[in-house]
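Here are some notes to read alongside the model.

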Amino acid sequence: MITELKSVRDIWKKMPSEHHGRVFLEDMIWPTGWYCPHCGSVRSVALLCQSARAGLYQCFEHECRRQFTVTTRTPMHSTKLDLRVWIAAIFLVLTSSKGISSVAMSRILGVNQKTAWKLGYAIRELMDDRERIASPWSGTVEVDEAFVGGAPKFKKGVKNKRGRGTKKPIVLVAADRNGQAKATLVPNVQDATLGPIMTEWMDPQSILMTDGNRAYRKIGKTFAAHHRVNHGARQYSRPSLGSHINTVEAVNSQVQRALVGVYHRLGRKHLQRYLDEILWRWNHRQPVVKVRRKSTKSGTRTVTAATWKPIPVVEQMRGLLCCAIGRQMRRTPEWGLSWP
């Protein structure tokens with residue numbers, strides 16, 4: 001069993017043939033043993049005859065009797081690529097701090113750009129974690145809205161509006177202080193729109209932290225407490241109350257870094273999928289506590305600091321692929337995406 005992957009080269013070193021890549025995926029997708037992705041039955045048998053392709057199984061249930069492999073009804077369904085290419089693509093997406101473009105992925109993996117584009121969207125389909133993080137948060141939760149898009153082109157005599165005056169896609173972002181975050185596209189920032197979403201995300205006994213947006217005032221009354229910081233007056237924290245929204249703004253900065261550094265444009269049609277990718281990296285980190293001794297005039301004291309590091313990539317792959325069945329997607333002849 002492979003427990004660590006350090007590079008793309010390491011994948012080919014530890015998986016010298018496609019058979020090893022298939023065994024790796026079976027361990028990830030079927031951790032408790034294979035089962036039929038069509039009916040869910042565990043009564044199946046591996047087909048070992050010469051005419052059967054590698055990794056083929058058949059269901060024993062009389063009503064089903066269908067054949068399947070580890071990629072059946074997953075985003076890898078009917079793939080013609082070497083399975084190690086899929087594993088390498090997942091590795092690249094998970095280990096990149098801001099994402100990776102299809103052009104760069106195609107160059108690294110040795111496939112054409114259209115294939116890399118489909119690989120990227122298939123992996124983002126697996127990164128849709130919205131249903132798995134469905135339980136309401138308690139404790140302290142920070143909420144803010146973000147307007148996603150680059151600066152408009154300069155035109156002489158034209159004054160471009162900023163913030164809520166723009167037509168950029170609006171994203172509602174929430175983050176608790178335990179390392180988890182959620183985000184969704186919203187049509188506007190009115191309390192009638194934001195209220196139901198925040199009520200679904202947060203427990204009524206939680207403490208809400210926001211900026212001075214008036215839309216949050218009415219919503220804040222439905223929670224145990226509501227603290228605000230007024231950015232317009234250059235107020236960014238209130239230490240006496242522990243009030244700030246620095247955590248959620250750090251999530252927003254990850255979106256802007258991906259926009260500026262990698263993708264350059266995040267269209268409204270696929271924006272939620274890019275948000276799922278960014279939030280996956282944010283949600284799959286673990287705190288690492290570092291203790292060091294610092295010398296001062298009065299003597300030596302111990303300083304403790306916590307930094308967030310990504311969890312091991314193989315563990316991320318396990319969490320990514322364990323829910324792959326049922327997320328089948330295909331590329332259309334017009335180079336779009338379809339979900340059978």
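The points below cover a cavity, a pocket and a pair of packed helices.

1. Some ground rules. This is a predicted model, where local features need pLDDT of at least 70, side-chain atom pairs count only at pLDDT 80 or more, and totals for chains, interfaces and linings use all residues. Residues are numbered from 1 along each chain as its sequence is written, and side-chain values use heavy atoms, with hydrogens and water left out.

2. Searching the whole structure turns up 1 cavity of 30 Å³ or more. On a 1 Å grid over the protein atoms alone, a cavity is a set of points where a 1.4 Å probe fits but cannot get out; points are joined across faces, edges and corners, and a volume is the space filled by probe spheres set on them. The largest cavity holds about 30 Å³.

3. What lines the largest cavity? Look for Ala 146, Val 148, Val 171, Val 173, Asn 252, Val 255, Gln 256 and Leu 275 (lining means having an atom within 4 Å of a point). H8 gives the largest share of this lining, 3 residues, and both strand S5 (170–176) and helix H8 (246–263) supply at least two. Helices (H or I, at least four residues) and strands (E, at least two) are DSSP runs, numbered from the N terminus. By class, the lining has 6 nonpolar, 2 polar and no charged residues; here Ala, Val, Leu, Ile, Met, Phe, Trp, Tyr, Cys and Pro count as nonpolar, Asp, Glu, Lys and Arg as charged, and the others, Gly among them, as polar.

4. Now the second largest pocket, at about 400 Å³. Its lining has 17 residues, and Ser 96, Ser 97, Arg 281, Arg 285 and Pro 310 are the closest to its centre. A pocket is an open set of points with protein on both sides within 12 Å along at least five of seven lines. Helix H9 (271–283) brings the largest share of the lining, 3 residues. The classes here are 8 nonpolar, 6 polar and 3 charged.

5. Finally, helix H3 (83–95) and helix H10 (313–321), which also each supply at least two residues of that pocket's lining. H3 and H10 pack at an angle of about 110°, with axes 10 Å apart (axes are lines fitted to C-alpha atoms over the stretch in contact, and angles run from 0 to 180 degrees between N-to-C directions). The two helices are therefore roughly perpendicular, a label for angles of 65 to 115 degrees. Ile 87 and Phe 91 of H3 are among the contact residues, as are Met 317 and Leu 320 of H10; contact means heavy atoms within 4.5 Å. The contact residues of H3 with H10 divide into 8 nonpolar, 2 polar and no charged.

Notes. Angles under 35 degrees count as roughly parallel, over 145 as roughly antiparallel, 65 to 115 as roughly perpendicular and the rest as oblique.
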